[in-house]
Amino acid sequence: MKKLPLSKQLIFVGIVFGVAMLTSFVLAFFAAAAAGRSGQPLPSPIIGLSMGVVAGTIYLLLAGNKRVALASSDARQAALAPVVDGTARLIVFRRGFVGKLAGVDVYVDGEVRTQLKSPRFAALTVGPGTHTLETRVQNKSSKPFVVEAVANTTAIVEIELGLKQQVLVQRADDANLRTVLAGTPMVIA
């Protein structure tokens with residue numbers, strides 16, 4: 001596992017400390033007000049520390065996200081239209097709840113092409129032939145996935161993100177899936 005850069009470590013510690021202090025202060029204030037200052041014990045600082053660790057962890061999970069522009073509905077419809085120019089189209093998409101806000105970097109033939117949160121998809125133009133896909137999130141890579149791109153066709157690959165791994169699965173190019181994608185935001189890649 002890669003070591004976090006010092007700046008991210010410091011920001012994490014700052015978030016944990018700041019949220020812990022703020023949470024503990026607010027809880028103590030309300031506990032004292034509710035108890036009428038009758039000598040009731042103050043809430044445990046463990047609650048504040050726990051909240052700080054949760055906030056810091058959320059920061060670390062989202063720290064790798066990039067700002068990605070969304071395509072217009074016209075561009076999305078064009079991306080879902082048949083390919084007729086001799087190239088091939090590769091649609092990569094995410095859906096599901098696990099890691100929904102974490103940006104997954106999508107690599108095609110070793111080059112990062114886009115980043116996807118859930119639910120989102122990207123339509124990538126590729127040349128006919130064999131292409132290797134890989135995804136990375138939080139310094140963890142998926143196993144390489146090989147896709148055969150045929151001229152004037154579309155290959156559709158879903159990124160399934162689990163708690164411990166990412167799996168790429170090729171899906172059939174059917175009308176039901178295209179209907180789902182037509183209602184899914186598309187990123188500009």
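Colleague: What does the side chain of Gln166 reach at the backbone oxygen of Lys140, and at what distance?

Modeller: The side chain of Gln166 reaches that oxygen of Lys140 at 2.7 Å. This is a predicted model; local features need pLDDT of at least 70, side-chain atom pairs count only at pLDDT 80 or more, and totals for chains, interfaces and linings use all residues. Residues are numbered from 1 along each chain as its sequence is written, and side-chain values use heavy atoms, with hydrogens and water left out.

Colleague: What makes the pair of Gln166 and Thr135 side chains a polar contact?

Modeller: The distance is 2.5 Å. A polar contact is a pair of N or O atoms within 3.5 Å; within protein, one must be able to donate a hydrogen and the other to accept it, and residues adjacent in sequence count only if both atoms are side-chain atoms.

Colleague: Why is Gln166 called buried?

Modeller: Its relative accessible area is 9%. Buried means under 20%, exposed over 50%, partly exposed in between (1.4 Å probe, protein chains only). So Gln166 is buried.

Colleague: How do you know which side of α3 the buried residues Arg76, Ala79 and Leu80 lie on?

Modeller: Arg76, Ala79 and Leu80 are the buried residues of α3. They cover an arc of only 95° around the axis, so they sit on the same side of α3. The arc is taken from the directions from the helix axis to the C-beta atoms. Asp74 and Gln77 are exposed, on the face turned away.

Colleague: What puts Arg136 over the face of Tyr107?

Modeller: Arg136 lies 4.1 Å from the ring centre. The rule asks for NZ of Lys or CZ of Arg within 6 Å of the centre and within 35 degrees of the ring normal.

Definitions and conventions:
Helix = DSSP H or I, 4+ residues; strand = E, 2+ residues; numbered from the N terminus.
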